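Student: I have a new structure to go through. Can we take it piece by piece?

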Amino acid sequence: MADSVLNLAELKRLAPPAELRRAPVVEGNPATGALTDKLSAFAEGKTPRWWWILFLPAAFAATVIFPVCLFYQVFTGVGVWGNNHPVMWGLDIVNFIWWVGVAHAGTLISALLFLTKQHWRTTIGRMAEAMTVFSVAMAGLYPAIHVGRAWFDWFMMPFPNSNGLWPQFRSPLMWDVFAVNTYLMVSSLFWFMGMIPDFAVFRDRSTTRVRKTIFSFLAMGWTGSARQWHHYEKAYVVLCGLCTLLVFTVSSIVGLDFCTAQIAGWHATIFPLYFVIGAVFCGFGMMLVLLIPLRKWCGLEIVITKRHLDKVAKLALVSGLIITYIYLMEFFIAWYSGDPYERWVFSHRLFGHTYMVMGWILILVNVGVTQLLWFKKIRSNLAALFVIGLLINCGMWSERFVIVVGSLYQDFLPASWGEYLPTIWDIGLYVGTLGAFFMLYLLFVKFLPMVAISEVKGVMPHADPHHPLGGAKKGGHP
Amino acid sequence: MNHSPTSNSANGRRYWRSLDELADTPEFKDWLHREFPVGASEMVADGSSRRHFLKIMSASFALAGVATLGAGCRRPEEHLEPFGKQPENYTFGEAQYYATAMPTRTGAIPLVVKSYEGRPVKIEGNALFPGSNGSTDRYAQASILDLYDPDRARHFKHDGKEVSREEALNFLAELSKKFAANQGEGLAFLAESSTSPSRARLQKIIADKFPKSQWFTYDAIDSGIHQRAATQAFGQPVKPVFHFDKAKVILSLDCDFLGDEEDVHNHIRKFAAGRKAGEGMSRLYAVESLFTLTGASADHRLRVAASEIAKVAEFISCFVAPQPDIPPPVSSEFESRWAYECANDLMANRQKAMVVVGQRQPLEMHLLAHAINSALGSIGNTVELIPTAENFRADLKNLETIGTDTLVILGGNSAYTSSLWPFETYQQHKSRRAGTIVRFGYYEDETAEKSDWNFPATHFLESWNDAITSDGVTVPVQPLIQPLFGGLTELEFIARVAGESQANAYEIVRATFGGSNEAWKKSLFNGFVQKTVSPVANIRLTKEALVQLALPRSMSPASLGKDNLEVIFFRDAKVDDGRFANNGWMQELPDPITKMTWDNAVLVSRKTARELGVANGDMVEITLNGRSVKGPIWTQPGMADYSLGLALGYGRERAGRVGTGVGFNAYKIFSGKYIETGATLRKTGETYTISCTQDHWSMEGRPAVREANLDEFIKEPAFARESFHGKEPPIVQSLYPNPLDEAKKTALHQWGMTVDLNACVGCGTCVIACQSENNIPIVGKEQVGRGREMHWLRIDRYFTSDPKRKNNPSRFSLSADMNQKDENQQFAEWIDDVQAVNQPMMCHHCETAPCESVCPVNATVHDQEGLNVMAYNRCIGTRYCSNNCPYKVRRFNYLDFNKRPLTELKGTLYSTTLTHKTAGEWDLLRWWKDSNSGMRTEDEWDLIKLSKNPDVTVRMRGVMEKCTYCTQRIEHAKIKQKAKAGQTGEVRLLEAEGTVPKTACQQACPASAITFGDVSDADSSVSKLKALPLNYSVLGDLLTKPRTTYLARVRNPNPDMPDYHAPFSTEEYESQSLTQKGNS
Amino acid sequence: MSEKIYGLMAEFNSPGEVLHAAEKIRDAGSRRWDVFSPFPIHGIDQVMGYRNSLVGWFALVLGGGAFAQTFGLLWFTNAFDYPLIVGGKPMFSWPMSFVPSYILMVMGAAIGALIGMFALNQLPRLHHPLLNKKRFELVSRDKFIIVIGAEDKQFSVTETRKLLESLGGAQVDIVEDPD
Amino acid sequence: MIFPKWTNWLPLALGLGAVLVGGGVAAGVTIYLTPKYTRAGYQPVQPVPFSHQVHAGQLGLDCRYCHNGVEKSWFANLPGASTCMNCHNQVLKDDPRLQIVRDSAETGQPIPWVQVHKVPDYVYFSHEVHVRRGMSCVKCHGRVDQMDEVKHDQSFSMSFCLDCHRDPASYIRPVDKVTSLGWQWSTNATEAAKLQQTEGQKLVDHMRVETLQSCSACHR
């Protein structure tokens, strides 16, 4: 490659002092070709054993547990779940919000950080986007199947019909339908479009006819011409902008489901923000859980460096602090409003004997454990980060449980109060979606470009025509 | 009321007969008599005949919800089958109303029954009946379900084997011949009490024909004691009629006259009439051990063990009686002050006061009450005595000793209800004497099992009969439908035993009635004989009775304690003595006080439970007189200490698919006395789950039910108005105009409702009426336990208490009562002395309904008349509406409650159509063939369909439902009015013209607590009620603008009483809002 | 093989080189030529003379259209075609209409951007003469290739080859057009 | 080369194909799966070849002679065989086609007429109120007096009902003209249409006919 043109002396002269120098996105700044080999290696290599060990149970959950639980519910009734009167929504909606939440960090990393020119995002962006797409798919499932008569879901679609009836657009649930579908659509498009140049990489590297055919098809004739890059980059920016909008609005709309409702504990204007931040927070937790093992097992330590994880952890910390603030505000407003129903709900989140445990998990994890991320030591300890990632997911799950169930089970009239306990079918469906998510994710890791190869190459010094590594004859900037 | 004339129908409804003729095929007849349950192969092979029968009906069925799944593009060929001979004066699809009556033990409830195509679907009270407001009690409302009970006795049986009707009737003929020959030697009858003049006539004929035969009357629940006591006290056959409306002060001594006595619907009506908020409202003192509905309505309630109430009664009598005596000691200073002030109040209201004693109290107590009433001058004023026939109660101990050859059991279920009548002994006896037990009964129950011959009885809606109401009016009982499964009416059966030539029940009743045909027709049309019974005048206590009065002194039992417990056996609010055990509506009706469904329990007080070391759900064994029974513990707030309350009527072994095995059988330790002491209790170590519809007892100081004492109400009549004591947030204006306000300008009516909490006693009749009218399914115990009961109308019952007794150090504290789990309420001290408040809760039809704006598919919207309407077939079941309903009155069909039998409604592992088979056929296949099919066997399903109201869609799983203000009745009324208006514009329903419909709950309510009507009509009663200062909206500050509002409750406590205080609910509210003030 | 010639291709090793070469080719007056690279090269747009991409307009038109259409649909369905009284709320109001309109605008814009990208790039195009060339596969790896099309007015196999070689292009080769 | 040149047309072809197929499916569903097709036109074979054309059209029998419950009940009843026999014990006394009717009148065994018009079970339609408030039979059932065998004339879909319920003035007629199926406001078609609007509106105002498009009007 261009090693020949490297003028070490000149480079050293022009280089800023070490403390000001930005750490490279990819450790060791490998040459473009070598980098390509490295990043394609996992998809092209032999499937390792760990992959199978993870894939088989995930596939079992996705292809057996999931359909069994789903069909059982659809053919028997929502009654197979623990939902009751007054807790009309249980794990179905808890998991829905949770999955939507998981999705958000992916978009935030890939879109918002792109717009703010954070080059380090390129190495983890694709994995984050895949997380988004798969978790939105899981999330999108819940509203469709949690209803009593899933076969009439099409009532929610506005098209002319012989009944002369239309959906009711004042319902936040309708907004939800649009929001989640849009999110799924846009993030899939974004994900797919981002992969086109990498499909071309895979196409050109493929050694078998099957691979070649498949990737040729997927690459859609991508040649990498300047014209293609020109339009592609524009489209990419536009999509990033749109995705950034979605980061802030999809969860807001999910939050509107709650804040437009009457129920004490839901009826709060803070909800849209609350859900956005909660979603992002939860998603960063999930990012940690996914990135830490995969970077090791897929041999991506040089592209997903500890510095990346450190940044994800910092983002988690920031969102965790905002969440903490929101919790404080919630309790404060409940007290300050003087509304006896609000006060009741919030005192019961922490002191009501029924769901106290969930309330305290929420506080301990989302407020407590998150504070550990202040410490550099913790942030550079991968095992600790992994555990914290897991805990954040649990904490956010219990937050959703507390919001959904904890506000419903004791509402206005004490006569209708009740309790909620999920059944095996609730849990089975959740396990099924988890399985489906991980199965899809593992398939993605194995068969698709899990790192945005072209994008990473594009932010390397080798890609800068004004950089010595990029072939600049003289001058330019280092 | 539109009663159809019944001129030419002598034997059942002719319209049914016409239909019957249509289905008069051999297959159809065969079906009627086929053994049950039908085997699987038969179902398939002979399905057509049954189908044929139902299809005729199906034109009117409109079993819609079941069919909402719809056949889609599969359009099955359907047939319309008109009459071969067009009947006159009959219009298919139009409801017919007939007057009849439901006989009870000591009276009858006059009814009007609505019937479609010869199929009774709804029971209402007869509003034409003198004094009646057209109400019923819950038993009458539920009795229609018994008509369609698939477990009814359907066959004549001998030694457990089916025999033909002819064979069975031959046997009766021979029986009568045999005893005619020996003057009835060895023949005994065991009957339930009845007021039927025709039966009395036949009884007389039997006594004449078989002079040596014996006739016993036995009821498990003895309501005849009022009559026997009065007869004894006054020395002539009289029975008391209590005028609660005329009384100013009422003292109830263990008398649950609003709950488990006979004739409660009359009592509630009269009591409510005397409780109109304001000067002159009556005052109720209750001394009782169980917490009853009467206690819940009382202004002062003293909890005393039932066996010690006599002391209180005597204490009071000493002040009231003409010659004051030295009052016997009562257990505490408080009690004596209570009783003393109560006595003062009684005396201050001479002639307007009354004392009533419960039917479970012994005869002596009743005599004492008559003495007090006499002394107060109440006899003839608040208590009237009317002449009556004699009433006996058999002492069944004697039955063993009579040399009986043949025992004829008429109704009742004595093998179950009387453990003192050991069938085993009788059977030994029989083996000696080769005797026979002939049983005439409605079910193939415990008694049937032990009988040699079984004759299926008809339902009262299938029978000709007559009865005398508690106030002495004769009412005819006329059938609305020919017997569904054959069977005999009681009169026919007795007549056949008597060997009468005329065994036709109609002819018997007609002969008893005598008189002109004109008068007879009129009585059938009206549903009663226009004849008032005048009370016996100038009646005095007999000397013998006065002597008896000395007796109660000796009754004082050994003092109660945890080793000497008192047991109270009481008539259950739902299954009665067990006769409604197979009635799903009744089983699922929450007990008015405990809110328990599908069970009875051992009711104890908190203190007793603590001393005995038991908690709710612990199985205990109660031993009484050497016999024992096991049941679960339930801590009842406000119970007297050391009392065990056992509801009778549960633990049935052969009730049917609904009632078998529900609860425990308290009859096992019952010996005929309703109050016994000397019981012990032992914890078995097992636990048991009880399903209640309301788990939280306290109102937590929330202003849902608003109360004030009378003096406060007089000072501030609008105390309950929106700001309730000036503390509730104001009801503000909407930010935007409501399109409903625009619609109001052109709409014909605006519907609204008020519920008078002052009148409502919480009896639950409305709940059953609603269930019956609106095709509400039952869900079974397990589903109730999961909080999935479907009642559109529920009655919230809160226990309120002195807030000082609550452990409420701070809201943010783990030990506060309010932060405890519901399971721990039973240990809280505040439940010892509580007041109870009831609040019927149904859809409020909010003008700004929170449920509507969240529905994504427009399945619930407002109509122009202010109804919050629910289109089931549009609903996809997101359940968001229910979440957003602050009143939580929406009900979701979590499972196919209509299509699943109770056995398929249990467990987390519900059977699914994917794998389940019904009648040997894969459910999915069944569904494909017929989208109306379900998991119920076809015979059960057919009967269920028959019982449904064709005017209301039957909902399938996955849809939300709720109170509609009986929109079907409104629409029906509107349609009729519009049709009447024709080409004129007189389409508005007006209360003044009597065209405004009544909702089912309103119609059934004995207290007339529910008023429904057009709020845009200023002259309607609902408008007037809403204008009252008592009117308030529950949770009105949420800006829901509910159309259902409540009239606040006014209590009338006596300021001189030691327990005088503001209503607890108000005190709780005040204490809550004080903390709020302190905090904010 | 008597195939038509599609053009001439030359390989370069770094973005710097290829940018430099491209400037020269532009200056030489070629019209039908293009630069192929594994990633977008900073500054190549100016060299190639590309102005602002039209993709944004696609997004704007489709997004705006979706917004307006949804707004209209909501008004039509809830306020005009079948107005029902729902929760005492107005038949139509902008706050409730904004949310779905906005979110569908995002969807419309995203689809617009993607369609725009595909359309302007004339993708998908599974068959392309360059994809036949073995050496071309290196473009997606680390090589930079300039292709001067046979349709270019100044194109001549020899002259153009010379030009490319003079610019430092290696492996200058003819690209055939299979038909 | 994996993909030959023609594959470059594939995306366009696929796109066009999708549009065509989608449009075709939409059109197919609209035409064949909506009540206009699935319901309208249904004409089952009846057990007795009863001709409305003869009875209602030629003989001019009023609809209510046979369907006598139509003004009293939600249900427009079918006449019992005894009603048929009122005439047919004189007319066509021994016609073999009427054997079933005679048998039915004699035995009471009903004639299994095949139901033609039906609304779903969750729709509570009342003939009574429509017929007595100026909604003609013809609006839903078509010119039965010109049908030999009865045929399902209208779609009976919800939007079909809504047409009237939203705009009764365009459909209402004087109450006494309800069973005159061929009646028009005027013999002149344009004038009839005009009169329908003006006179219809008068009727609507006078009779206080409501425009009922909320659920409760039909669903309970």
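Student: What follows H25(B), and is its phi positive or negative?

Tutor: H25(B) is followed by B:Asn775, whose phi is positive, near 55°. Helices here are DSSP runs of H or I with at least four residues, strands are runs of E with at least two, and both are numbered from the N terminus. This is a predicted model, in which local features need pLDDT of at least 70 and side-chain atom pairs count only at pLDDT 80 or more, while totals for chains, interfaces and linings use all residues. Residues are numbered from 1 along each chain as its sequence is written, and chains are lettered from A and ligands numbered from 1 in the order in which they are written.

Student: How many residues of H25(B) are buried?

Tutor: 9 of the 9 residues in H25(B), residues 765-773, are buried, so the helix is largely enclosed by the rest of the structure. Among them are B:Cys766, B:Ile768 and B:Glu773. A residue is buried if 20 or more other C-beta atoms lie within 10 Å of its own, exposed if 12 or fewer, and partly exposed in between, with C-beta atoms placed from the backbone.

Student: And how many are buried in H9(A)?

Tutor: 21 of the 27 residues of H9(A) are buried, so that helix too is largely enclosed by the rest of the structure. H9(A) covers residues 271-297 and reaches 39 Å from its first C-alpha to its last, close to the 39 Å expected at 1.5 Å a residue. The expected span is 1.5 Å times one less than the number of residues. After H9(A) comes A:Gly299, with a positive phi near 65°.

Student: Helix pairs next. At what angle do H11(B) and H13(B) cross?

Tutor: Roughly 25°, and the axes of H11(B) (residues 309-320) and H13(B) (residues 363-376) come within 10 Å. Axes are lines fitted to C-alpha atoms, for helices over the stretch in contact, and angles run from 0 to 180 degrees between N-to-C directions. H11(B) is therefore roughly parallel to H13(B). Angles under 35 degrees count as roughly parallel, over 145 as roughly antiparallel, 65 to 115 as roughly perpendicular and the rest as oblique.

Student: Which residues make the contact of H11(B) with H13(B)?

Tutor: They include B:Ala313 and B:Ile316 of H11(B), and B:Leu368 and B:Ile372 of H13(B). Two residues are in contact if their C-beta atoms, placed from the backbone, lie within 7 Å. By class, this contact has 10 nonpolar, 1 polar and no charged residues. Ala, Val, Leu, Ile, Met, Phe, Trp, Tyr, Cys and Pro count as nonpolar, Asp, Glu, Lys and Arg as charged, and the others, Gly among them, as polar.

Student: What about H4(A) and H15(A), how far apart are their axes?

Tutor: The axes of H4(A) (residues 91-115) and H15(A) (residues 424-447) are 10 Å apart, at an angle of about 20°. These two helices are therefore roughly parallel. A:Leu91, A:Asn95 and A:Trp99 in H4(A) meet A:Asp426, A:Tyr430 and A:Thr433 in H15(A). The residues of that contact divide into 3 nonpolar, 2 polar and 1 charged.

Student: Now the chains. How many residues does the contact take from chain A and from chain C?

Tutor: It takes 58 residues from chain A and 60 residues from chain C. H8(A) gives the largest share of the chain A side, 17 residues.

Student: And from chain D and chain C?

Tutor: That contact takes 10 residues from chain D and 9 residues from chain C.
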